[in-house]
Amino acid sequence: MEISQHDYARACGCCVETAGRRLRSATYRSGPRGTRLYNLAEALPTVRPREIAKGAIPALLSAATPPEDTLYVGGVEAAEVARRLIEWLPDDARTRLSKVQNFFVVSVANSNVCAAPVVENLELLRVLIGLQPDVLKFVFRAGDVPDMDRMSPAFAICNYTTTTKEAA
């Protein structure tokens, strides 16, 4: 998911310059008319506690643009972003993510894609599931419970590569 600097500022109640300083180290791509679109998973940990208390996280999730492909979250390259996000999560959000991760593992184990290459990389895939847009919304109570039985096998295939094994 991506968010513009202006949408970040509006959601957090800060000025655009402050948003720019906070997002300086976040990954971005150029959007329409030169707008910088930042990775939401990298932007979330920059939100201040008082802004969180005022509802900035649901506002960011609402303003963020989901990717066209909601299953592919970046593969191995996104693993470090996912780990940093998980470390930052508040306790209640981390608990919800843990439940989703457990459902993910069970769903993959019960599916036809449960083969040695996928199982070898299950821990990395378990970390990456936190970046999937529907999961991210659920973790912050901004969305419904994702259908993990349906999503998990496809997610595992989309985010598994031969280099996943090396990264794990």
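Is Phe 140 buried or exposed? Phe 140 counts as buried, because its relative accessibility is 12% (buried means under 20% relative accessible area, exposed over 50%, partly exposed in between, with a 1.4 Å probe and protein chains only). The notes below start from the model itself and return to this residue.

1. Basis of the model. This is a predicted model, in which local features need pLDDT of at least 70 and side-chain atom pairs count only at pLDDT 80 or more, while totals for chains, interfaces and linings use all residues. Residues are numbered from 1 along each chain as its sequence is written, and side-chain values use heavy atoms, with hydrogens and water left out.

2. Confidence. The average pLDDT (the predictor's confidence in each residue, from 0 to 100) of the protein chain is 92, and 95% of the residues score at least 70. Residues 163-168 have a pLDDT below 50, and this stretch has ten contacts in the model beyond near neighbours in sequence; contact means heavy atoms within 4.5 Å. Where pLDDT is low, the predicted coordinates should not be read in detail.

3. Helices (H or I, at least four residues) and strands (E, at least two) are DSSP runs, numbered from the N terminus. In soluble globular proteins, nonpolar side chains tend to be buried together.

4. Phe 140 is placed in the loop between helix 10 and helix 11.

5. Helix 7 against helix 11. The two helices pack with their axes 8 Å apart, at an angle of about 75 degrees. Axes are lines fitted to C-alpha atoms, for helices over the stretch in contact, and angles run from 0 to 180 degrees between N-to-C directions. Helix 7 is therefore roughly perpendicular to helix 11 (under 35 degrees counts as roughly parallel, over 145 as roughly antiparallel, 65 to 115 as roughly perpendicular and the rest as oblique). Helix 7 contributes Val 100, Phe 103, Phe 104, Ser 107 and Val 108, and helix 11 contributes Met 148, Asp 149, Ser 152, Phe 155 and Ala 156. By class, this contact has seven nonpolar, two polar and one charged residues; Ala, Val, Leu, Ile, Met, Phe, Trp, Tyr, Cys and Pro count as nonpolar, Asp, Glu, Lys and Arg as charged, and the others, Gly among them, as polar.

6. Helix 6 against helix 7. Here the axes come within 9 Å and cross at roughly 130 degrees, so helix 6 is oblique to helix 7. Ile 86, Glu 87 and Trp 88 of helix 6 meet Arg 94, Leu 97 and Gln 101 of helix 7. The residues divide into three nonpolar, one polar and two charged.

7. Arg 126 lies in helix 9 and is buried, with a relative accessible area of 19%. Apart from neighbours within four places in sequence, Arg 126 is in contact with Gln 101, Asn 102, Phe 104 and Val 105. Ala 79, in helix 6, is also buried, at 5% relative accessibility. Ala 79 touches Leu 124, Val 127 and Leu 128, residues up to four places away not being counted.

8. Backbone point to check. Arg 33 has a positive phi of about 55 degrees although it is not a glycine. Most residues other than glycine have a negative phi. Arg 33 is in the loop between strand 2 (28-30) and strand 3 (36-39) and counts as exposed, at 86% relative accessibility.
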